[in-house]
Amino acid sequence: MKKLLFVLLIACLVLAACGTAPAATKGPVEISFMMWGAPEELAVWQAVVDDFHAANPNITVKVDVSDWDSYWAKLNTLIAGGTPPDVFAMDAPLFLDWQSRGALLNLQPYIDATPGFLDGFYPQTLTAYKTSDGYYGLPRDFQSIVLFYNKDMFDAAGQAYPTANWTYADLLAAAKALTLDTNSDGKTEQYGLWTDTWDMELLWSEAIWAYGGEIISADHTKTLIGEGPARDAWAYIDSLYKEGVMPTPTTSGEYGSDLFQSGMAAMTTIGHWAVPGYVQAGINFDVAPMPKGPAGQATSVNSAGFVLSKDTKNADAAFAFVKFALSDAGQKRLAELGFAIPVLKSVAESDSYLKQPGTLNQQVFLDSIAFAHMKPVFKGYEEWAAVVGDGLTPVFDGEAELGPTLDEVVKSADVILANNQ
Amino acid sequence: MTKKNHKFVADLLTYTVLIGGAIVMIVPFIWMISVSFRVPAQQYARILIPNPVTFQNYVNLIKDLPDNAFLFLTANSFKLSILMVIGQVLTCSMAAFVFAVCKFRARNLLFALLLGTMMIPSQVSLIPNFIIFKYLGLIGSQWPLILPGFWGGAFGTFLLRQYFLTIPRDLVDAARMDGASFFGIFWKIYLPLAKPAIAALAIFVFKDAWNDLLHPLVYLPTDMHQTTLTVGLAFFQQQLVMGGKFTVLMAGAFLSILPLLIVFFFAQKQFIEGVALTGMKR
Amino acid sequence: MNYGLKPFGRERIWLWLMLVPTLIGLAFGTVGSLLATLGLSFFDWDLINPPQWAGISNYAALLQNKDYIEAFVNTLKFSAEYVPGVVIISLIIAVLLNRKIRGISIFRTIYFLPTVTSAVAAALVWNMIYGKDTGILNLGLESLGLSPICWLCSEHAMFSVVIVNVWGAIGEGMIIFLAGLTAIPRDYYEVASIDGASDLQKFFHITLPLITPSIFFQTLISAINAFQAYDYIYMLTRRGQGNSTVPVAVYSIYRNAFNFFRMGDASAQAIQLALLVAVFMLIMFWWERHYVVYE
């Protein structure tokens with residue numbers, strides 16, 4: 001009997017020993033690169049990494065790609081535990097949260113050492129990462145929000161496609177015509193429009209700007225989404241729900257999180273990252289710029305960037321990798337990926353981006369930059385966004401009144417801002 | 001009412017309740033399997049047997065994972081879970097025996113401390129544990145996922161202690177008189193008698209280890225050949241959920257629980273044997 | 001309880017040898033879980049810079065944090081519905097399965113299936129089932145002529161979530177109770193039959209008292225699971241990237257730790273939750289001393 005115990009323990013040790021040693025074969029320098037993304041992105045980033053390795057044989061890059069939620073859980077743990085990745089991906093709005101806490105390496109010395117490095121970039125993409133003492137990150141690609149529409153659904157309803165001259169009123173009218181209860185069972189089978197209204201990026205920031213309002217004060221102390229014209233924008237958004245052309249947040253959960261992709265909505269407002277998914281789902285779609293509001297046309301521009309950890313032991317190698325990904329060669333690869341728009345003007349305006357597979361009018365994304373506002377970046381962004389998003393969701397679910405809720409939300413949001421000064 | 005009628009009514013009630021409950025238990029699974037074999041266009045259709053039946057969802061899932069990743073992911077999950085089961089059964093049973101049967105001064109304090117470790121949810125202790133492992137130099141290996149299995153656990157010890165407490169003292173006294181050693185009483189009397197509880201513990205530990213997402217995510221590289229099935233599927237799920245591709249999601253869900261079901265069938269056999277044995281003994 | 005076994009002389013070393021692995025685990029767990037969390041609760045830590053001393057400000061903030069208070073209250077409500085549900089239902093099922101009926105292993109398998117499933121997989125199915133327009137639950141209601149219910153809207157979300165959690169836990173309770181029931185010698189029942197006792201009397205006078213160890217265990221474990229419930233709630237009620245319609249304590253703790261850079265607050269909340277668990281444990285152990293019957 002005791003022999004069995006002994007044998008069992010030995011077996012355990014053997015099993016445990018298998019694969020417990022770190023699997024990496026160490027080259028002279030090894031850097032770790034963490035990002036969030038879709039499985040398809042992993043394949044292309046691996047290709048970029050391989051290209052980089054071919055050009056720099058003494059540097060090996062380990063790529064670690066997770067889904068959005070897992071990414072932040074893992075990143076936070078690694079950093080808290082003192083084993084941060086060398087290079088990691090950062091969402092522009094969250095950039096200040098990290099930079100202000102001293103987690104990131106100042107890249108200015110490297111940029112200064114490479115004159116003209118930033119010349120080819122779209123300037124709007126760089127502003128988010130610039131601080132008073134230099135750049136603490138660099139944009140990897142950028143996103144502009146445009147209006148996507150399902151051509152088949154429009155044809156079936158006899159509706160004209162959206163144009164660059166559309167107003168929000170046109171959007172609502174078209175959405176109404178495209179919201180269908182095909183079998184008269186009291187349930188909507190097709191919605192005219194679907195978008196996310198929790199975070200500002202997809203609709204409500206654009207609407208507020210187009211109506212002449214603002215999101216936050218320039219010194220990041222006051223929340224302005226409840227002032228003046230902004231309230232008209234909210235009334236418009238609320239009407240989308242009340243008219244039934246958009247599914248309520250709770251209902252849309254039933255259909256997956258992107259109803260345009262699942263073929264339940266005729267229009268959506270989203271960025272380029274959704275394109276590969278739509279193509280794969282076989283949707284016949286095209287894009288148009290965001291509609292105009294009473295104060296003009298507006299859309300939101302955001303980017304995902306590279307940042308280096310302040311405690312990285314391989315800063316030179318890490319920056320070399322970032323430089324490669326931001327070079328012509330690297331950006332071309334990423335353009336082919338189709339998830340985002342390259343930050344290098346030369347690549348964005350070249351065939352690599354414009355002639356991607358698909359019948360999409362890629363130029364629309366570039367043209368939108370002309371009237372785009374940067375997505376606000378400030379310390380405490382995530383908490384602030386949570387307060388606003390969570391606070392307004394009951395209104396959209398039809399469980400609360402817009403006016404009073406908006407006032408309360410602004411108050412709570414200001415508290416967050418105050419805590420983060 | 002005659003005794004026979006009485007028994008009939010009792011049995012009728014019993015079966016009604018059991019069957020009714022069983023239906024509630026199993027409907028989600030039937031739905032899961034049904035949806036997983038449907039073509040996407042029919043994913044919401046209110047039917048039971050899909051028509052046409054398609055295996056495409058499963059094929060897509062396995063194909064989408066790069067080169068045989070599915071096998072690696074499953075193997076990793078399996079290995080870590082089995083190790084966890086062996087470790088927990090061994091160490092928890094020993095501790096449970098001592099707590100249930102011996103009187104020593106530190107007993108209550110240690111047991112209270114043990115229960116205390118259950119009070120903090122795992123999401124909170126994730127970071128402190130990570131830091132400790134870092135100081136032990138174990139980050140980068142699989143040890144943070146294996147070691148905790150071999151140093152006991154509150155749940156397992158508590159569960160087995162409860163069971164050990166129900167084993168009558170006279171068995172022990174009789175064994176003592178026959179000259180049995182301390183360890184011998186544990187190994188030859190208590191363990192065999194506790195087979196049902198041990199089988200139960202094995203199932204629970206395996207399930208928890210198999211379904212664990214946070215720990216493999218953080219301690220293993222997110223590489224499709226080195227991480228576990230839960231992490232791998234979470235990675236793919238986000239895309240699928242976005243597109244509302246429920247047919248593929250259900251296929252993935254079913255695949256993720258299939259190994260658990262297989263393990264359960266084997267452990268269940270042990271369980272039945274254990275139950276039968278104790279029934280006879282008593 | 002009479003602990004009788006005293007190791008003789010040199011055998012004492014076996015006692016401690018058998019405890020060594022657990023002692024190591026205890027050291028790790030006490031330091032890594034309890035002390036670390038307790039310690040962190042007195043600091044402000046953003047995970048990036050060294051922790052800053054915060055005294056009891058995190059605890060004071062708890063009382064003012066509307067979100068956390070809501071989460072805490074939800075946790076209590078959830079537990080009040082969940083624990084009795086699981087314990088009572090799984091006990092009934094176990095007792096019924098312990099009789100001589102046919103197909104016992106099939107029943108046992110079916111009842112255990114939900115427990116064996118991962119919360120993620122199960123939540124995906126239940127999300128479909130609860131769908132207002134497309135779910136089969138509402139289909140059933142409609143075919144009975146009733147109007148569909150929005151299961152995951154704020155009105156009913158708590159109830160729906162409790163159902164899913166109970167569904168997933170009955171199997172576990174059933175196994176625990178079955179293990180306990182089989183430990184009751186059959187002769188007790190035989191003797192009672194000879195004395196003319198009815199089934200109901202047998203249940204209340206033999207089964208129930210002798211199964212109190214399992215009831216004790218199952219109630220305590222269920223309560224801890226209820227206080228720490230997270231997975232199903234997260235997957236079923238989360239609205240986009242935001243909060244859930246039924247935020248519970250661990251939900252708030254997780255967001256504070258991993259999304260808001262507030263590890264200190266998260267730790268304080270965790271300690272408060274732990275105190276809740278501790279209080280409940282004390283109550284249960286008091287109950288054990290007076291009502292639980294060991295042989």
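**View 1. H220(A), a partly exposed loop residue.** H220(A) is partly exposed, with 26% relative accessible area (buried means under 20%, exposed over 50%, and partly exposed in between, using a 1.4 Å probe and protein chains only). You'll find H220(A) in the loop between α9 (204-210) and α10 (229-242) of chain A; helices here are DSSP runs of H or I with at least four residues, strands are E runs of at least two, and both are numbered from the N terminus. Although H220(A) is not a glycine, its phi is positive, at about 60°. Most residues other than glycine have a negative phi.

A quick note on what you're looking at: this is a predicted model, where local features need pLDDT of at least 70, side-chain atom pairs count only at pLDDT 80 or more, and totals for chains, interfaces and linings use all residues. Residues are numbered from 1 along each chain as its sequence is written, chains are lettered from A and ligands numbered from 1 in the order in which they are written, and side-chain values use heavy atoms, with hydrogens and water left out.

**View 2. L47(C), a buried loop residue.** L47(C) sits in the loop between β1 (43-44) and β2 (52-53) of chain C. Its phi is positive too, at about 75°, and L47(C) is not a glycine either. Is L47(C) buried or exposed? With a relative accessible area of 2%, L47(C) is buried.

**View 3. S352(A) and its contacts.** S352(A) belongs to helix α16 (residues 351-354) of chain A and counts as buried, at 17% relative accessibility. Which residues does S352(A) touch, if you skip those up to four places away in sequence? They are K332(A), A335(A), E336(A) and V347(A), where contact means heavy atoms within 4.5 Å. Y211(A) is 141 residues from S352(A) in sequence, and the two are 36 Å apart in space, C-alpha to C-alpha.

**View 4. D265(C) in helix α13.** Helix α13 (residues 263-291) of chain C holds D265(C), which is buried with a relative accessible area of 11%. Set aside the neighbours within four places in sequence, and D265(C) is in contact with N58(C), A61(C) and N256(C). As for the chain around it, chain C has 13 helices and two strands, and 60% of its 295 residues count as buried.

**View 5. Helix α5 of chain B against helix α12 of chain C.** The axes of α5(B) (residues 122-135) and α12(C) (residues 249-258) come within 9 Å and cross at roughly 30°; axes are lines fitted to C-alpha atoms, for helices over the stretch in contact, with angles from 0 to 180 degrees between N-to-C directions. The two helices are therefore roughly parallel to each other (under 35 degrees; over 145 is roughly antiparallel, 65 to 115 roughly perpendicular, and the rest oblique). On α5(B) the contact is made by Q123(B), V124(B), L126(B) and I127(B), and on α12(C) by V250(C), I253(C), Y254(C) and F258(C).

**View 6. Chain B meets chain C.** This contact takes 97 residues from chain B and 101 from chain C. How many salt bridges are there between chain B and chain C? The count is three, a salt bridge being a side-chain nitrogen of Lys or Arg within 4 Å of a carboxyl oxygen of Asp or Glu. One salt bridge joins the side chains of K207(B) and E172(C) (4.0 Å, N to O).
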